[in-house]
Amino acid sequence: MIIGELVLASALAVAFHKLKKPSIIPGFGFTLAFTLFYLAIIVLIPLSGLFFKASSSWGEFWKVVTSDRVVHAYKISFGLSFAAALVNCFFGLIIAWILARYRFPFKKIIDAMVDLPFALPTAVAGIALTALYAPQGWIGQYFAPYGIKIAFTPLGIIIALLFVGLPFIVRTVEPILQDADRELEEAALSLGATRWQTFWHVIFPSIVPALLTGFAMAFARGLGEYGSVIFIAGNIPGVSEIVPLFIVIKLEQYDYAGATAIACVMLVASFILLFLINWLQHWAGNRRVES
């Protein structure tokens, strides 16, 4: 027991010494206090207030978040966000590979276009996608005669989520491909491996952490996306109604308790995804150090 206490005291002393270790740049105490204060005011207090308001009546909370209409909205938001992030993993990897490994005309323009969903207002993206894929749109008009409806269906939601989620995959995978050791690839090829075997056994394992991180970020963005989805979704209850829209509907009906309850569920999901993203980034960093 005494030995355990001594070990604990030694560990605390080492941690305190590291915390008090002087830095080249002074002002650690003040900047740390300001950081905690700013995060508390901007992030922690508003989110804590949301939970406290939702926990005032657990019976009503559970009734709201498990109603049939809300559950279907969860399925639409989570399911389609997952599907769009999964598709983006495949196509985003191809785009990142092209941008990282090849030189071709107008490469910088194409590279800048990848970031367009970041800069473009989401409402503008939603209007543009709806104009394209509506039954009378430039693209939708060619599918309408065959009975294929894109806009105002879950398929339209997936297209909008593909649009907003693609940059997350490309921008997380592209730097890894650029920094990859080409000598390992050349060694594998010189030992008789095919190009596919070289990619699958040498290149792909090194980009898996970045690919998973990009997937989680695209999935998280899809869950909270509103502007680009609201126009093309059609917002049909039980068909194409997403959770962010349902929160807005509750607010318009002055049902603040219901909106808060649904928002809390999405907040918990966002926290889980945030921890997953940080864990993946930590895992990726450890893999790079070990390699």
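**Figure 1. Ala73, a buried residue in helix α4.** In this predicted model, Ala73 has its place in helix α4. Its relative accessible area is 2%, so Ala73 counts as buried, the limit being under 20%. Leaving out residues up to four places away in sequence, Ala73 touches Glu241, Ile242 and Val243. Look also for Leu245: 172 residues separate it from Ala73 along the chain, yet the two C-alpha atoms are 9.0 Å apart.

**Figure 2. Glu241, a buried residue in a loop.** Here we meet one of the partners of Ala73 again, Glu241. Glu241 sits in the loop between α12 (227-233) and α13. With a relative accessible area of 2%, Glu241 is buried. Which side chain makes a polar contact with that of Glu241? It is the side chain of Arg69, and the contact spans 2.7 Å. Beyond residues up to four places away in sequence, Glu241 touches Ala73, Ile76, Ile236, Phe246 and Ile249 as well as Arg69.

**Figure 3. Tyr74 and the largest nonpolar core.** This core holds 38 residues, and those touching the most other members are Tyr74, Val173, Leu177, Val243 and Ile262. Several helices contribute at least two residues each: α3 (58-65), α4 (68-101), α9 (154-179), α11 (195-224), α13 (243-252) and α14 (256-290). For a closer look at Tyr74, find Val65, Gly79, Val243, Ile262, Val265 and Met266, which Tyr74 touches when residues up to four places away in sequence are not counted. As background, nonpolar side chains in soluble globular proteins tend to be buried together.

**Figure 4. Leu177 in helix α9.** Leu177 is another of the core residues that touch the most other members, and this view places Leu177 in helix α9. Is Leu177 buried or exposed? Its relative accessibility is 0%, so Leu177 counts as buried. Setting aside neighbours within four places in sequence, the contacts of Leu177 are Ala96, Trp97, Ala100, Arg101, Ile203 and Ile207.

**Figure 5. Thr130 in helix α7.** Thr130 belongs to helix α7, which covers residues 122-133. A relative accessible area of 14% makes Thr130 a buried residue. A polar atom of the Thr130 side chain lies 2.7 Å from the backbone oxygen of Gly126. Which residues does Thr130 contact once its neighbours within four places in sequence are left aside? They are Phe152, Phe231 and Ile232.

Figure 6. Most residues other than glycine have a negative phi. Phe152 has a positive phi, near 65 degrees, and Tyr254 has a positive one of about 60 degrees. Phe152 is in the loop between α8 (140-143) and α9, while Tyr254 is in the loop between α13 and α14. Phe152 counts as partly exposed because its relative accessibility is 26%. Tyr254 has a relative accessible area of 64%, so it is exposed.

**Figure 7. Ile45 and a nonpolar patch on the surface.** Now we turn to the outside of the protein. Phe30, Phe34, Phe37, Tyr38, Leu39, Ile41, Ile42, Val43, Leu44 and Ile45 make up a nonpolar surface patch, and together they have about 1,000 Å² of accessible area. Ile45 is located in helix α2 (residues 28-54). Its relative accessible area is 52%, and the cut-off for exposed is over 50%, so Ile45 counts as exposed.

**Figure 8. The whole protein, for orientation.** How many helices and strands does the protein have? There are 14 helices and zero strands. Of the 291 residues, 34% are buried. Among contacts with a separation of 6 or more, 75% join residues 24 or more positions apart. The protein exposes about 18,200 Å², with 72% of that area supplied by carbon and sulfur atoms.

Definitions and conventions
Residues numbered from 1 in each chain as written. Predicted model: local features only at pLDDT ≥ 70, side-chain atom pairs only at ≥ 80, totals over all residues. Heavy atoms only, no water. Helix = DSSP H or I, 4+ residues; strand = E, 2+ residues; numbered from the N terminus. Buried < 20%, exposed > 50% of the residue type's maximum accessible area, 1.4 Å probe, protein only. Polar contact = N/O pair within 3.5 Å; in protein donor to acceptor, adjacent residues only side chain to side chain. Contact = heavy atoms within 4.5 Å. Core = buried A, V, L, I, M, F, W, Y, C linked by side-chain atoms within 4.5 Å. Patch = residues over 30% accessible without salt bridge, like charges linked within 9 Å, V, L, I, M, F, W, Y side chains within 5 Å. Areas by Shrake-Rupley, 256 points an atom, 1.4 Å probe, with all protein chains shown as cover. Salt bridge = Lys/Arg side-chain N within 4 Å of Asp/Glu carboxyl O.
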